[in-house]
Amino acid sequence: MRQTDNPSYIDLPLLTVVLMLCALSLIVLYSATGENLEQLVRRSIHVGFALAVMLVFTRIRTSILLRWSPNVYAVGLGLLFMVLAIGVIGKGAQRWIDLSVFRFQPAEMMKIAVPMMVAWTVARSTLPPNPLFIILSIFIVLIPTALVILQPDLGTGLLIALTGIMMIFLAGIGWKFIVTALLSLAVIVPAMWVFVLHDYQRSRVFTLFDPWADPLGVGYHIIQSIIAIGSGGVQGKGWLSGTQSQLEFIPEQRTDFIFAVYAEEFGLIGVIVLLMLYLFLVFRGLLIAFHARDTYSRLLAGGLSTTFFFYVFVNIGMVSGILPVVGIPLPLMSYGGTSMVTLMIGLGILMSIARDSKSRGWRR
């Protein structure tokens, strides 16, 4: 039996980068939590469980994923409606379902379910897609996006929307649809500003342009984060030696703002290394998409890769003060079990697609 026919085949370049990012996350989290061993152990359990889930998904054939796509999407929508009805409220948002043993955030599931469903829909049409399939795909993206924004979780909602729209674009839509989409955005964005966004979300946009207008209020997060990143310099202050993080000036430094902790302690050199790891992961995913054996696999791999890219771009952008704060974690680095498992599922699916491509004859 060839290695490529083995159902347990692992894409070693992808796995290597994933393990390096997980190791970095444990190192930075130990510092961000004030050398808290209990949280480090808990994070290690999250990482171990997520890696096990990833390995399970590497064994699932893409033909099975294709059949599962409508069901996964339907379950995800059902859970989003359940969140709005009986979800647990925390920090002013209703985003979680409590199962007593643990909580999970169904919106995370849609980061996998939406790419699967869009790929399933487009794959049933010729390429470039029939206009009917394009319109259907847009509704497939917009429904969960709206449900997530209502929680409210603007960051995750926009991430789902960006991924879905990028997949439709990758399917090869014509310029008429692109122009129509841009004109629609020109109408939708102002309407969202007036009727959808909450006051605190609007204030985050204003804070982006002048965080010093309210340095102890809405501007505090960004100001402290920028100070931490800048103070790291070229070489950084050293592990466990970041003043902003150790003195707990950085808010949410375990989760959304963990990049600021990393940049302060490891400096520009460390940031470049981290970005190179992320870029390799994204380009590896796109390479897998390029060599995929069918339309469904190609679009799904492309969608999962762009999801990962948007994760990184939005998080580092908001922590650096060039994008509004929208609550997007840094993939594989920020503390959080549901996000970690979701990302690992996506990476497992990428490896499954790579295995199928290898069996067709693709070589590294």
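Proline 152 turns up in the loop between α5 and α6, where helices (H or I, at least four residues) are DSSP runs numbered from the N terminus. This is a predicted model, in which local features need pLDDT of at least 70 and side-chain atom pairs count only at pLDDT 80 or more, while totals for chains, interfaces and linings use all residues. Residues are numbered from 1 along each chain as its sequence is written, and side-chain values use heavy atoms, with hydrogens and water left out.

Proline 152 is joined to glutamine 151 by a cis peptide bond, with omega at about -5°. Glutamate 35 belongs to the loop between α1 and α2 (37-58). For background, most residues other than glycine have a negative phi, and most peptide bonds are trans.

On to the helix pairs. Two packed helices are described by the angle between their axes and the distance between the axes. The axes are lines fitted to C-alpha atoms, for helices over the stretch in contact, and the angles run from 0 to 180 degrees between N-to-C directions. Ile134, Ser137, Ile138, Val141, Thr145, Val148 and Ile149 of α5 make the contact with Leu154, Thr156, Gly157, Ile160, Ala161, Gly164 and Ile168 of α6, contact meaning heavy atoms within 4.5 Å. Sorted by class, the contact of α5 with α6 has nine nonpolar, five polar and no charged residues. Here Ala, Val, Leu, Ile, Met, Phe, Trp, Tyr, Cys and Pro count as nonpolar, Asp, Glu, Lys and Arg as charged, and the others, Gly among them, as polar.

α6 also packs against α12, at an angle of about 140° and with the axes 9 Å apart. That makes α6 oblique to α12. The crossing of α6 past α12 is right-handed; a crossing is left-handed if the near helix is turned anticlockwise from the far one by less than a right angle, and right-handed if clockwise. On the α6 side the contact includes Leu159, Met166 and Met167, and on the α12 side it includes Gly302, Gly303 and Phe310. The classes in the contact of α6 with α12 are nine nonpolar, five polar and no charged residues.

Then there is α1 (residues 12-32), which packs with α11 (residues 258-290) at about 160°, their axes 10 Å apart. α1 and α11 are therefore roughly antiparallel to each other. α1 goes past α11 in a left-handed crossing. Among the residues that meet are Pro13, Met20 and Ser31 in α1, and Glu265, Phe280 and Arg284 in α11. This contact has 21 nonpolar, one polar and two charged residues.

What about empty space? Rolling a probe the size of a water molecule over the atoms shows where it is left. On a 1 Å grid over the protein atoms alone, a cavity is a set of points where a 1.4 Å probe fits but cannot get out, and a pocket is an open set with protein on both sides within 12 Å along at least five of seven lines; lining residues have an atom within 4 Å of a point. Grid points are joined across faces, edges and corners, and a volume is the space filled by probe spheres set on the points.

The structure holds one cavity of 30 Å³ or more. The largest cavity has a volume of about 120 Å³. Of its 14 lining residues, Leu304, Thr307, Phe308, Leu343 and Gly346 are the closest to the centre.

Notes
Helices (H or I, at least four residues) and strands (E, at least two) are DSSP runs, numbered from the N terminus. Angles under 35 degrees count as roughly parallel, over 145 as roughly antiparallel, 65 to 115 as roughly perpendicular and the rest as oblique.
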